[in-house]
Amino acid sequence: MSGILELDSLTQRINQMNMERKLVVITGASSGFGREMAKLFAEAGHPLLLLARRLEKMEALELPHTVCRKVDVTDRVGFEAAVLEAEAEFGPTDLLVNNAGVMMLGDIASQNPQEWKLMMDVNVLGVLNGMQIVMPGMKERKTGTIINVASIAGLQPFANHGAYCASKYGVVGLSQVARAELAAHNVRVLHICPGAVETELLGHTTDSNIIKGYNEWKESVGATNITALDVARTIQFAYELPQSVSLREIVIADTQQDA
Ligand code: NDP
C-alpha cells in the first residue's frame, strides 16, 4: 500500500515538473535535426509542438505532452493556428526552433527557377513567419528564445549551392537583425550554421549528377561522422544556458570537414 502511495506522489512530482517546463516549438520535426531535437526536448520534460508536412513521422515518435500538426511553414495562417492551439494547452512558447528547410542543389545557369522559389519560400519566408508569430508574445513577456537553423552555406559559398546559399545567407542576415530588434526585450535570437551532416536533406535535390558529386565531396572533405543528434544536443545546450547568455552564432561541423 505505502509503495503505491509513494509511486503516486512520484508520478505527481514528475507531472508537476513537466508542467513547469516550457513549450518548445520545432519546425521540420519529421526527420533529421528536428526529429532528434524533439526526442531530446521530450526527454528533458518539455511540452512540444512539432510541425512538418509528414504528420505520421512525427506521431510515430509517440512523445508525451506533444502536439503534432501537419503544417507547411510557408502557410502563415496554418502555422499560427498550430502555435495558438499548442499555447492554449501548454502555455506560451519559450523556444521556437526554425529548422524546416529544403536544399535543392543546382547550377545557376541551368537550375529550374521553381526550385529557387521553393528554397526562398521555405528557408527564408518560413523562418520569418515563425519569428513573427512568436515575437510579440516573447517581447511582452520579456523572455524567450528563437533559434534559426542556417548553414555553413550561409557563411561561405559552395559550387552548385547558388539559391540554397542565398537562402541561408538570408537566414543569417535576418537572424542578426532580429537579434538587434529583440535585445532590449531580453529575447534571445541565435542562429546555428551546421556543416554537412547525414540526413534526408540531399533527397530534395533533383539532379543525380549533383547528388553524386555532393556525396563524393562529403567523403573527400571528411564530413561523415557528425550526426543529427550532435547538432540537436548543441541546440539544446544553447537553449539551456541562462536567459542572460546568448550563443548568437554557432558554427558546427565534423572535425574532419576541412571546407
Ligand atoms: P531533413 O530533410 O532530414 O529535414 C528537413 C525537415 O524540414 C523535414 O522534417 C521536413 O519535413 C521539413 N520541411 C521541409 N519543407 C517544409 C515545409 N515547407 N514546411 C514544413 N516543414 C518542412 O534535413 P535536415 O535535418 O538536415 O535539415 C534541417 C535544417 O538544417 C534545414 O534547414 C537544413 O537546411 C539545415 N542544414 C542541414 C545540413 C545538413 O547537412 N544536413 C547542413 C546545414 C544546414 P516534411 O518533409 O515532413 O515537411
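## Around the ligand

By class, the shell around the ligand holds 15 nonpolar, ten polar and five charged residues; here Ala, Val, Leu, Ile, Met, Phe, Trp, Tyr, Cys and Pro count as nonpolar, Asp, Glu, Lys and Arg as charged, and the others, Gly among them, as polar. Keep in mind that this is a predicted model, where local features need pLDDT of at least 70 and side-chain atom pairs count only at pLDDT 80 or more, while totals for chains, interfaces and linings use all residues. Residues are numbered from 1 along each chain as its sequence is written, and side-chain values use heavy atoms, with hydrogens and water left out.

So who sits around the ligand? There are 30 residues surrounding it, and the closest are Ser-30, Ser-31, Arg-53, Tyr-164 and Thr-199 (a residue is near if one of its heavy atoms lies within 4 Å). Helices α2 (32-43) and α6 (162-183) each give at least two residues to this shell; helices are DSSP runs of H or I, at least four residues, and strands are runs of E, at least two, numbered from the N terminus.

Now for some single atoms. A polar side-chain atom of Tyr-164 lies 2.7 Å from a ligand oxygen. The side chains of Ser-30 and Arg-54 each have an N or O atom 2.8 Å from an oxygen atom of the ligand.

Last, the aromatic rings. The whole structure has three aromatic pairs (ring centres of Phe, Tyr and Trp, its six-membered ring, within 6.5 Å; planes under 30 degrees apart are stacked, over 60 edge-to-face, the rest tilted). Phe-158 and Trp-217 have ring centres 5.7 Å apart and planes at 75 degrees, so this pair is edge-to-face.

Technical notes. Polar contact = N/O pair within 3.5 Å; in protein donor to acceptor, adjacent residues only side chain to side chain.
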